[in-house]
Amino acid sequence: MPFEGDAVAWRALLAACRVHGNVELGEVAQRTLVSLGDEHPSDVILLSSTYAAADRWADIEQLGSVGADNAMEKKKAGRSLIEMDVPGLLPTTIMGD
C-alpha cells in the first residue's frame, strides 16, 4: 500500500482475499493484524473460510488450535427489563440469568 493501513483496511483486504481466493495475501493480512495488536475473532473466521475455499483443511485445523489459545473471555449475560403499560394487564419480562 502507498500508505500505512490501519486495522480496518487490513481487515477489508482479508475479507477481499476470501472472496477472491487469494490465500497467500490473506495470510499476510492476518499476520499484519496480529502485529498491529488488533485481533478480532472474525479474522480467524475469514482466513479459515479462505482456506476452506482452497481445500486447505490442515491449515484450518492449525487455526483452530491458535483460536483456542487466544480465546476471549466469555462475557456475563446482561439483563433487559420491558414494562408495558396496558390496563388490566401487568406483563413484565426479564431476560438474562
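Reply: A residue counts as exposed when its relative accessible area is over 50%, as buried when that area is under 20%, and as partly exposed in between. The model is predicted.

The helix pair comes first. Helix α2 covers residues 23–36, and its axis comes within 10 Å of the axis of α3, with a crossing angle of roughly 165 degrees. Angles over 145 degrees count as roughly antiparallel, so α2 is roughly antiparallel to α3. The crossing of the two helices is left-handed. On the α2 side, the contact is made by V23, G26, E27, Q30 and L33, and on the α3 side by D43, L47, T50 and Y51. By class, the residues of this contact are 4 nonpolar, 3 polar and 2 charged.

Helix α3 spans 41–53 and α4 spans 57–69, with D55 in the loop between them. D55 is not a glycine, yet its phi is positive, at about 55 degrees. The relative accessibility of D55 is 57%, and because the cut-off for exposed is over 50%, D55 counts as exposed.

A15 lies in helix α1, which runs over residues 7–20. Along the chain, A15 and I45 are 30 residues apart, while their C-alpha atoms are separated by 9.8 Å.

Methods
Residues are numbered from 1 along each chain as its sequence is written. This is a predicted model: local features need pLDDT of at least 70, side-chain atom pairs count only at pLDDT 80 or more; totals for chains, interfaces and linings use all residues. Side-chain values use heavy atoms; hydrogens and water are left out. Helices (H or I, at least four residues) and strands (E, at least two) are DSSP runs, numbered from the N terminus. Buried means under 20% relative accessible area, exposed over 50%, partly exposed in between (1.4 Å probe, protein chains only). Axes are lines fitted to C-alpha atoms, for helices over the stretch in contact, and angles run from 0 to 180 degrees between N-to-C directions. Angles under 35 degrees count as roughly parallel, over 145 as roughly antiparallel, 65 to 115 as roughly perpendicular and the rest as oblique. A crossing is left-handed if the near helix is turned anticlockwise from the far one by less than a right angle, and right-handed if clockwise. Contact means heavy atoms within 4.5 Å. Ala, Val, Leu, Ile, Met, Phe, Trp, Tyr, Cys and Pro count as nonpolar, Asp, Glu, Lys and Arg as charged, and the others, Gly among them, as polar.
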